[in-house]
Amino acid sequence: MYNNGKELLAICREQNIPLWEAALLDEIDQTETTREEILEKTALALRVMQGSAGDPGEGKTMGGLIGGEYRKVKAYKDSRKTLTGETANRAMMRALACSQSNASMGRICAAPTAGSCGILPAALITGAEELDCGEEEILRGILTAAAVGKIIVQNATVAGAEGGCQAECGAAAAMAAAALTEMAGGAPEQSLHAAAIAIKNIMGLICDPIAGLVESPCSKRNASGVLNALSSADLALAGVESIIPFDEVVDAMYTVGLAMHPDFKETARGGIAATPTGKALAKTIRG
Amino acid sequence: MKKVNSLFDIIGPIMIGPSSSHTAGAAKLARIAGAFAGGEVVSAEFHLHGSFRETFRGHGTDRALVAGILGLDPHDTRLRTSFALAEEKGLSYEFIPADLGMVHPNTVRFVLKTRTGQTTEVTGSSVGGGEVVITEVNGFEVRFSGNYNTLITRHKDVEGVVAAVAGILAENHINIATLNLSRTHKGQEASMIIETDSFLAEEALTQIRKLPAMISLMNIQPVKVGEIDV
């Protein structure tokens with residue numbers, strides 16, 4: 001059993017196993033299920049993620065604030081040189097697709113939340129293409145991500161209403177960064193460095209959805225969240241370390257979240273939601 | 001420290017968006033409430049409290065509630081088109097803004113009528129991450145999550161009913177996870193809510209139904225994620 005990153009790394013070290021395996025063994029132990037059942041459930045989650053990351057069309061979402069971003073980014077990256085490159089644009093496009101699917105009442109896999117459901121799928125699918133990973137390696141990435149998410153839930157929060165966007169998209173990016181690092185063959189320590197870096201990059205970000213809906217700015221924060229994950233994983237794989245250990249970064253994120261004013265925690269009373277345009281849109285939507 | 005029971009609490013739930021509390025939780029609440037109606041529901045009132053009342057349209061809470069009454073699970077892709085499905089099946093529905101008092105911000109009270117004219121009232125809250133708590137059924141205060149196989153009895157408040165039911169479960173190798181007993185007045189009507197670790201075969205249910213003090217029995221199965229057809 002592990003309650004934090006330090007304990008998880010100790011298990012990996014003592015048993016000489018990778019992060020995903022430590023997560024899997026603990027899950028078998030905690031839930032009294034078999035390895036096969038867990039891998040089957042993980043594969044099911046992956047299939048749902050793959051479905052939600054595909055082209056969702058141009059239809060408008062429930063609130064009508066977003067829609068069609070996947071196609072725009074795809075057309076853009078396919079037709080010209082881009083600033084962040086093909087990989088980054090492909091990842092963003094997928095994260096945007098998941099957000100649109102979610103906001104259109106499509107099927108998604110919360111990872112860890114519905115509002116941040118684009119980050120992990122976009123990272124896994126795009127990372128697997130870049131790293132030539134098969135399904136088995138992607139499933140290992142998901143297990144790694146889940147272990148990181150579990151530690152964040154147990155020691156902090158992943159709810160925007162409790163900790164702001166840094167908790168939702170921060171946790172998702174940390175999970176995705178750790179997964180990518182694992183898939184690229186990084187050591188367990190490197191996965192947690194990647195996760196720590198990702199949370200630090202987004203620390204303090206508020207949750208301020210227009211009209212209280214999971215649409216804007218959520219969708220774009222999923223796009224930037226997957227870039228956060230990709231860059232944090234690259235840094236960790238290059239040997240860059242988080243100066244502050246993962247567990248302390250999680251604690252800091254939680255402290256910041258608790259100190260955040262309620263206006264900035266999913267109530268749609270602050271930030272982007274409270275701008276004149278944001279308020280006018282909310283009025284139109286609520287009728 | 002908060003305890004995470006399973007990695008699939010983190011990677012999941014698999015659900016229809018956009019909100020685990022306002023969409024998935026709403027569908028789950030309605031699915032459980034619908035099961036209580038004990039027959040085909042032809043009219044449903046949804047009394048919406050708090051955040052449910054404020055944002056139910058943008059979050060698809062309305063469609064999710066109707067879908068749940070029709071028996072759809074929170075991950076069913078037909079959630080989006082549940083209004084059309086309701087029309088097809090002859091289910092009429094109404095969303096009523098309400099103040100249900102000092103309850104969780106995401107609370108809904110269901111008033112359901114079946115084709116045979118039976119009325120059932122259920123109240124429940126969506127407490128986050130798609131998790132729900134049912135708090136009242138037909139005037140009985142209750143508290144259960146719908147995550148387990150849940151057995152709900154209505155029986156005469158006489159000696160030996162708890163022991164008899166527990167005995168039948170034991171004979172059928174069913175382990176009780178939680179048990180909650182309440183009654184209206186001494187010697188009148190009582191209710192048990194029993195969450196079990198495994199499913200009850202029809203045989204065990206029949207044995208419990210046959211107990212002389214039993215007025216009615218409901219068995220609500222949890223939503224099993226593994227059964228999703230993707």
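I count two residues as in contact when heavy atoms lie within 4.5 Å. By that rule, 47 residues of chain A meet 36 residues of chain B. The model is predicted: local features need pLDDT of at least 70, side-chain atom pairs count only at pLDDT 80 or more, and totals for chains, interfaces and linings use all residues. Residues are numbered from 1 along each chain as its sequence is written, chains are lettered from A and ligands numbered from 1 in the order in which they are written, and side-chain values use heavy atoms, with hydrogens and water left out.

**Entry 1: the A/B interface**

I looked up the buried area, that is, the accessible area (1.4 Å probe) that two parts lose on being put together, summed over both. Between chain A and chain B it is about 3400 Å², with 65% from carbon and sulfur atoms. I then looked for salt bridges (a side-chain nitrogen of Lys or Arg within 4 Å of a carboxyl oxygen of Asp or Glu). The count between chain A and chain B is zero. For polar contacts I took pairs of N or O atoms within 3.5 Å; within protein, one must be able to donate a hydrogen and the other to accept it, and residues adjacent in sequence count only if both atoms are side-chain atoms. Between the chains, 13 residue pairs are in polar contact, both residues at pLDDT 80 or more.

Helices (H or I, at least four residues) and strands (E, at least two) are DSSP runs, numbered from the N terminus. On the side of chain A that touches chain B, α2 (19-31), α3 (35-52), α5 (85-103), β1 (107-109) and α7 (135-155) of chain A each supply at least two residues. The largest share, nine residues, comes from α7(A). I sorted this side of chain A by class: 27 residues are nonpolar (Ala, Val, Leu, Ile, Met, Phe, Trp, Tyr, Cys and Pro), eight are charged (Asp, Glu, Lys and Arg) and 12 are polar (the others, Gly among them).

I call two strands paired if DSSP finds at least two bridges between them. β1(A) pairs with β1 (residues 14-16) of chain B in the antiparallel sense, over three bridges. There, C109(A) has I14(B) as its bridge partner.

**Entry 2: the six-stranded sheet of chain B**

I traced an open, mixed sheet of six strands in the order β3-β2-β4-β5-β6-β7 (chain B). β3 (92-98) and β7 (140-144) of chain B stand at the edges with a single partner strand each, so one side of each has no neighbour in the sheet. Angles run from 0 to 180 degrees between N-to-C directions, with axes fitted to C-alpha atoms, for helices over the stretch in contact. Neighbouring strands here are turned by 20 degrees against each other on average, direction ignored. Helix α3 (residues 61-69) of chain B packs on the sheet, touching β2 (41-50), β3 and β4 (106-114) of chain B, at about 140 degrees to β2(B).

**Entry 3: the four-stranded sheet of chain B**

I found a second open sheet, antiparallel, in the order β9-β10-β8-β11 (chain B). Its edge strands are β9 and β11 (214-220) of chain B. The twist averages 10 degrees from one strand to the next. Seven bridges join β9(B) to β10 (residues 189-196) of chain B, and I176(B) stands opposite T196(B).

I also checked S182(B), which is in β9 (residues 176-183) of chain B. Not counting residues up to four places away in sequence, S182(B) touches F140(B), E141(B), A190(B) and S191(B).
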